Every structure is written in C-alpha cells, then in structure tokens.
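Here is a set of exercises to work through with the model open in your viewer. Try each task before reading its solution.

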Amino acid sequence: MKKTSFLLVVITIMFTSTLSSQTLSLSSQNEKALHAFPELPYAYDALKQAIDSETMNIHYNKHFRGYHSKFLKAIEGSPLEKQSLEDIFANVSKYPEAVRNNAGGFYNHAMFWTIMSPDGGGEPTGKLAEAINKSFGSFEAFKTAFEKAAASRFGSGWAWLSVDEGGKLFISSTANQDNPLMDVNEKQGHPILCLDVWEHAYYLRYQNQRTSYIGNFWKVVNWDEVANRMKK
Ligand code: MN3
C-alpha cells in the first residue's frame, strides 16, 4: 500500500513536470516567432573603439530590455500581439503613447546593435556606395550631413539614413524613440543606418562630448549590414 502511493506520487510529479515543460517550450517558441528579445551579436567590449563595455552592458541589459518588456506589456491581450513592428509603426499614431515609445525603443535598439560590428568601419562599397554618392555627392558629404543630424537633435533621439518610396536615400532625425517607419513623420522611409544620441548611449565615456561619440561611431559601422538592409 505504502509502495503504491509512493509510486503514484512519483508518477504524478513526472507527469506534471512533463506537462509544464511542454507548455514552457511552446510559449517560448511563440515568442521566438514574433517580438523575441534578440541576443547581442558580440561581447560588451567588442565595440570599444566607439562604445565602452559598461555602457554597452547597461544599454543592452537595462534600457533595451526595459523597452522590450514594456512593449510586450503595452500590447498584451490586444491584436497588436500578432502584428509585426513595421505594421504597428504604420498606424502608430492611433495607439497609446506606451506602444509608440516602447515599440520604437525595442525596434530602434535591435537595429542599432546589428548595424555595428567589431569588424566594421571603413567605407561602404558597391551599390550602397553608389546610392550614397548619388544622393549626397560623396561619402564625406554624407558623413557631414549625418553628423549634423545627430549632433543637432535637441534632447534625446536618433539620427537615421533611410530609403524613401522612390528608392532614394535621405537623412533625418527623430525625437525620443520615434523612427522613420512611423506614420507620425512628415517623410517616412525604411531605415538602413541609425545612431542613438540619447545621453544613456554615450555619457559614461564622453560626458557632454556628443560629437566625439558621433565621430567614433564611424569606426564600428557594419556597412555590410547597412547594404543588406538597403537590398530589402
Ligand atoms: Mn538607447
């Protein structure tokens, strides 16, 4: 009798734990499909030519993770849970402020990590170089215009290089966590390069020297990824 009830308890525990691990793997699979939290594609100190390890760690683990979890909370139980970020941005003016801020914060940072690389820097080549020359005259002229957009953004925001409807490149800057995909912009486009100019992105190392941070950014730009984004 004692043996039988012991066996029952063991079987029940095994069954319950199998069930809950199945539920767990199912929900993490769903999360993988849409709005999953991406891994940082390099070590925290990998971009030290431009960004110090401590800033990268705090930026990724605190700020970025915060936007992601607040975004999930803001869309919880709404139809937006099944929409891509691009679709959400196309109508973002209709949604609560928390969706705009946190969907933006999630998308912008996820993109920012990928357009930088420890093997980055130098100059773009091929079709991207051609497109930059066509739109801005030269790579140097493009850099100057992008730096101006990044440096002159008052308060917190981002600088962008995007492709417009006609396939032409343009530079813009947005406030807070807005981005060029949002319907709140006068001119919308698909972003292919971005730079975070919030103080949290550079203050530990550069303090008030935003222009030094912008200057060092060019040393880590992943032009291959920017070119990939232009193709899409
Ligand atoms: Mn940031």
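This is a predicted model: local features need pLDDT of at least 70, side-chain atom pairs count only at pLDDT 80 or more; totals for chains, interfaces and linings use all residues.

Residues are numbered from 1 along each chain as its sequence is written, and side-chain values use heavy atoms, with hydrogens and water left out.

**Exercise 1. The whole chain**

Task: Describe the protein chain by its elements, in order from the N terminus.

Solution: 
- Step 1: begin with the count, which is 9 helices and 3 strands. Both are DSSP runs numbered from the N terminus, helices being H or I with at least four residues and strands E with at least two.
- Step 2: read off the order, α-α-α-α-α-α-β-β-β-α-α-α.
- Step 3: turn to burial, where 41% of the 232 residues are buried. Buried means under 20% relative accessible area, exposed over 50% and partly exposed in between, with a 1.4 Å probe and protein chains only.

**Exercise 2. Two partners of H5**

Task: Find out how helix H5 packs against H9 and against H6.

Solution: 
- Step 1: Two packed helices are described by the angle between their axes and the distance between the axes. Here the axes are lines fitted to C-alpha atoms, for helices over the stretch in contact, and angles run from 0 to 180 degrees between N-to-C directions.
- Step 2: take H5 (residues 126-136) with H9 (residues 223-231), which pack at about 75° with axes 9 Å apart. H5 and H9 are therefore roughly perpendicular. In this scheme, angles under 35 degrees count as roughly parallel, over 145 as roughly antiparallel, 65 to 115 as roughly perpendicular and the rest as oblique.
- Step 3: list who makes the contact. H5 brings Lys127, Leu128, Ala131 and Ile132, while H9 brings Trp223, Val226, Ala227 and Met230. By class these residues are 7 nonpolar, no polar and 1 charged. Ala, Val, Leu, Ile, Met, Phe, Trp, Tyr, Cys and Pro count as nonpolar, Asp, Glu, Lys and Arg as charged, and the others, Gly among them, as polar.
- Step 4: repeat for H6 (residues 139-152), which packs with H5 at about 70°, axes 8 Å apart. That makes H5 roughly perpendicular to H6. Ile132, Asn133 and Phe136 of H5 meet Phe139, Ala141 and Phe142 of H6, and the contact has 5 nonpolar, 1 polar and no charged residues.

**Exercise 3. From His35 to Leu85 to Tyr107**

Task: Work out where His35 lies, then move on through the contacts of Leu85.

Solution: 
- Step 1: locate His35 in the loop between helix H1 (2-33) and helix H2 (53-75). Its phi is positive, about 65°, although His35 is not a glycine. With 8% relative accessibility, His35 counts as buried.
- Step 2: go to Leu85, in helix H3 (residues 85-90). Leu85 and His35 are 50 residues apart in sequence, yet their C-alpha atoms are 8.0 Å apart. Leu85 is buried too, at 11% relative accessible area.
- Step 3: look past neighbours within four places in sequence, and Leu85 is in contact with His35, Phe71, Ala103, Phe106 and Tyr107.
- Step 4: finish at Tyr107, in helix H4 (residues 97-114). Tyr107 is buried, with a relative accessible area of 9%, and its contacts beyond four places include Phe89, Pro191 and Arg229.

**Exercise 4. Two polar side chains**

Task: Which backbone oxygen lies 2.8 Å from a polar atom of the Thr174 side chain, and which side chain does His200 join in a polar contact?

Solution: 
- Step 1: identify the oxygen, which belongs to Asp178.
- Step 2: name its partner, His63, whose side chain is joined to that of His200 by a polar contact of 3.3 Å. A polar contact is a pair of N or O atoms within 3.5 Å; within protein, one must be able to donate a hydrogen and the other to accept it, and residues adjacent in sequence count only if both atoms are side-chain atoms.

Conventions. Contact means heavy atoms within 4.5 Å.
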